[in-house]
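Please have the sequence and the model at hand while reading.

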Amino acid sequence: MYSVERAGVGRTLKRIAASVAFLPLLACQTIPDAPASPYSAEQIAKLRHYEFREEGDQWLLGLDGKLLFPTNGADLAADQMTRIGTMAHELAAVGIHGADVEGHADSIGEESYNMDLSLRRANAVRQSLVTGGMTEGRVQAAGLGETQPIASNETEEGRQENRRVVIIVSPDDVLPE
């Protein structure tokens, strides 16, 4: 009887040893690789420095609250051009060569006028990005008019927030030139 129990213990130990030997293989097979980010750590740090927020595989900088335009205005003040140019220079230095720029407007005025006005605002920011060092052919501007408000157009504060520009960095913008 003693030898039967001992044989049973031996088989159990062999099964445990075999299971332990396969654990590393199972671990390798069950952990999928995380998708590689198209952005380097240096690029991510620089985007965060300028308060871009990650949204999917893009980084967005809403200039609402930072860069607001007066009613019917699309010109940047000298200090705004300098700030945007400095940011563009630093982004280009880490390999961010382009961006999409979206201009927006409040709902005061004709829809077609607001569409044109928002495009002029986007182009003003686009020009500062290019002057700062981004590649001209890789910086695109679009005017979205009053189609995407972020605040109520019923109040002056809301309309001011809606007169804004958004800068979007996508994976294509970090591809080598």
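## The largest cavity

The largest cavity holds about 30 Å³ of space, a volume being the space filled by probe spheres set on grid points that are joined across faces, edges and corners. A cavity here is a set of points, on a 1 Å grid over the protein atoms alone, where a 1.4 Å probe fits but cannot get out, and lining residues have an atom within 4 Å of a point. By this rule there is 1 cavity of 30 Å³ or more.

Its lining consists of Thr 71, Asn 72, Asp 106, Ile 108, Asn 114, Leu 117, Arg 121 and Arg 163. By class these are 2 nonpolar, 3 polar and 3 charged residues (Ala, Val, Leu, Ile, Met, Phe, Trp, Tyr, Cys and Pro count as nonpolar, Asp, Glu, Lys and Arg as charged, and the others, Gly among them, as polar).

## Basis of the values

The model is predicted, with local features needing pLDDT of at least 70 and side-chain atom pairs pLDDT 80 or more, whereas totals for chains, interfaces and linings use all residues. Residues are numbered from 1 along each chain as its sequence is written, and side-chain values use heavy atoms, leaving out hydrogens and water.

## The second largest pocket

The second largest pocket (an open set with protein on both sides within 12 Å along at least five of seven lines) has a volume of about 170 Å³. Of the 10 residues that line this pocket, Arg 53, Leu 60, Ile 150, Arg 164 and Val 166 lie nearest its centre, and the lining as a whole has 3 nonpolar, 3 polar and 4 charged residues.

## Contact of H3 with H4

In H3, Met 81, Ile 84, Gly 85, Met 87, Ala 88 and His 89 meet Val 125, Ser 128, Leu 129 and Gly 132 of H4 (contact means heavy atoms within 4.5 Å; helices are DSSP runs of H or I, at least four residues, numbered from the N terminus). These contact residues comprise 6 nonpolar, 4 polar and no charged.

Note on methods: Helix = DSSP H or I, 4+ residues; strand = E, 2+ residues; numbered from the N terminus.
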